Amino acid sequence: MGERALDASTPSPALLARLQGILAQVPDPEIPVLSVLDLGVIRHLRVQPGGRLEVGIAPTYSGCPASAVIKADVLRALAGAGFDAVAVDVLAPPWSSDWLSAEGRRKLAAFGIAPPAGRGPAACPRCGSTRTSRVSEFGSTPCKALYRCEACLEPFDYFKCI
Amino acid sequence: MTPAVRYVLRLADTNLVLAQRLGEWVGHAPALEEDLGIANLALDLLGQARLLLAHAGRLEGAGRGEDELAYLREESEYFNLTLVEQPNGDFGGTIVRQFLFDAWQLGLYEALAESRDAALAAIAAKGLKEAAYHLRYSGGWLVRLGDGTPESHARVERALGVLWPFTNELFVDDETDRAVAEAGIGVLPSSLQAAWSARVDETLARAMLARPAAAHYVWYGKQGRHSEHLGYLLAEMQSLHRAHPGAAW
């Protein structure tokens with residue numbers, strides 16, 4: 001990461017790797033098993049003229065209270081690594097559950113939250129049964145719905161597919 | 001005030017007022033799941049309202065941000081549709097109001113996603129996914145209640161009769177609408193009526209409910225002329241900010 005990288009609008013590969021390493025450690029405040037990179041909300045990393053780092057962040061849901069926390073956490077992590085960064089909101093193209101990374105989907109399932117799939121969860125994240133029923137279209141956060149497994153009878157969270 | 005600012009405020013205020021109404025259910029819904037559901041609807045609408053208010057403030061260019069616009073305007077300066085300021089009624093009444101609104105907003109956002117105003121198009125494209133989810137919720141409940149017990153059927157039928165006349169305003173074009181539609185920024189309300197009617201009729205049929213007869217009176221909340229209910233809602237919503245200007249937490 002030389003001086004020149006900071007003047008270009010696109011970070012050098014080395015700088016980009018370092019930034020991604022930092023962001024991979026920033027958890028989603030509501031589903032901490034996911035990083036902000038897994039969630040797919042980091043849209044761009046740019047170096048502004050003058051050397052300031054610009055992070056484009058897409059909100060998941062228009063009114064998600066975690067959006068402000070995500071922004072603050074990202075800036076804090078970057079500041080901690082010595083970067084003078086600014087966050088900008090990116091609305092287009094809109095975030096959808098398709099932006100979730102493959103790694104993010106695996107982490108969700110391992111954590112006990114069924115990853116998004118069409119119109120409902122593919123299987124119970126605990127016992128793997130495909131016999132599930134919806135309890136509520138809305139759950140504890142804007143991005144989740146509540147389901148129940150008809151085999152093991154346990155309720156579980158489902159990451160909404162939008 | 002330019003037609004563009006006025007138009008964006010109409011959209012923003014409609015969302016904001018409905019979010020405030022829905023918020024009244026928090027802690028009072030018939031079941032925990034519906035408490036969560038209604039709160040989540042409100043949250044989405046509030047988020048969209050904030051984006052729209054901030055955009056209106058930028059278009060206006062007079063230094064008013066989302067807070068000034070939300071907290072420091074009087075009743076006659078609010079341009080929301082009259083439907084959304086109507087009281088919640090019982091759970092069935094709230095569902096009927098929400099369903100009529102969601103079916104309208106889905107069509108609106110579909111069209112608005114093509115707006116020449118890039119910021120407005122982005123807000124609509126984002127809201128579109130949320131509106132589709134909301135309609136699934138409100139439509140699903142309307143069918144369950146309408147095709148439920150005699151009691152639940154009677155209640156949603158009554159609410160439908162009370163709220164139906166307010167839907168006229170959703171499809172009436174005025175000068176502001178025509179100006180923004182001509183500029184490619186906004187959507188002509190009348191252009192949304194056919195798709196809305198088809199959507200509503202299909203769900204009403206599944207809910208065993210008859211479409212009420214057309215009413216002829218048109219409300220004009222979007223021009224700042226409201227029903228008697230908005231003033232009380234704003235008084236509650238704005239009291240804290242007016243008592244402690246600039247309060248933040």
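Let's start with the helices and strands of chain A. Chain A has 5 helices and 7 strands. Keep in mind that this is a predicted model. Read from the N terminus, the order is α-α-α-β-β-α-β-α-β-β-β-β. So much for the list. Now the outline. Along the principal axes, the C-alpha atoms of chain A fill a box of roughly 60 × 25 × 25 Å.

How much of chain A is buried? Of its 162 residues, 34% are buried. Next, contacts along the chain. Take the contacts in chain A with a separation of 6 or more. Residues 24 or more positions apart account for 49% of them.

The domains do touch: 12 residues from domain 1 of chain A and 11 residues from domain 2 of chain A take part in the contact. Look at the domain 1 side of that contact in chain A. It has 7 nonpolar, 3 polar and 2 charged residues.

Now zoom in on a sheet in chain A. Three strands make an open sheet, in the order β1-β2-β3, with mixed pairing. Which strands stand at the edges? They are β1 (42-47) and β3 (85-89) of chain A. Each has a single partner strand, so one side of each is left without a neighbour in the sheet. From one strand to the next, the twist averages 20°.

A quick reminder on pairing. Strands of a sheet pair through backbone hydrogen bonds, either parallel or antiparallel. Here is one pair from our sheet. Strand β2 of chain A, residues 53-57, pairs with β3(A) in the parallel sense, over 5 bridges. Find Leu53(A) on your screen. Opposite Leu53(A) stands Ala85(A), in β3(A). What lies across β2 and β3 of chain A? That is helix α4 of chain A, residues 66-80. Helix α4 runs at about 155° to β3(A).

Next, the partner chain. Between the chains, 16 residues of chain A are in contact with 20 residues of chain B. On the chain A side, 10 of the touching residues are nonpolar, 5 are polar and 1 is charged.

One last stop, still in chain B. Pro30(B) sits in the loop between α1 and α2 (32-60) of chain B. Is Pro30(B) buried or exposed? Count the neighbours. There are 11 other C-beta atoms within 10 Å of Pro30(B). A residue with 12 or fewer counts as exposed, so Pro30(B) is exposed. Now find Phe91(B). Pro30(B) and Phe91(B) are 61 residues apart along the chain, yet their C-alpha atoms are separated by 7.4 Å.

That's my tour. Questions, please.

Methods:
Residues are numbered from 1 along each chain as its sequence is written. Chains are lettered from A and ligands numbered from 1 in the order in which they are written. This is a predicted model: local features need pLDDT of at least 70, side-chain atom pairs count only at pLDDT 80 or more; totals for chains, interfaces and linings use all residues. Two residues are in contact if their C-beta atoms, placed from the backbone, lie within 7 Å. Ala, Val, Leu, Ile, Met, Phe, Trp, Tyr, Cys and Pro count as nonpolar, Asp, Glu, Lys and Arg as charged, and the others, Gly among them, as polar. Helices (H or I, at least four residues) and strands (E, at least two) are DSSP runs, numbered from the N terminus. A residue is buried if 20 or more other C-beta atoms lie within 10 Å of its own, exposed if 12 or fewer, and partly exposed in between; C-beta atoms are placed from the backbone. Two strands pair if DSSP finds at least two bridges between them. Axes are lines fitted to C-alpha atoms, for helices over the stretch in contact, and angles run from 0 to 180 degrees between N-to-C directions.
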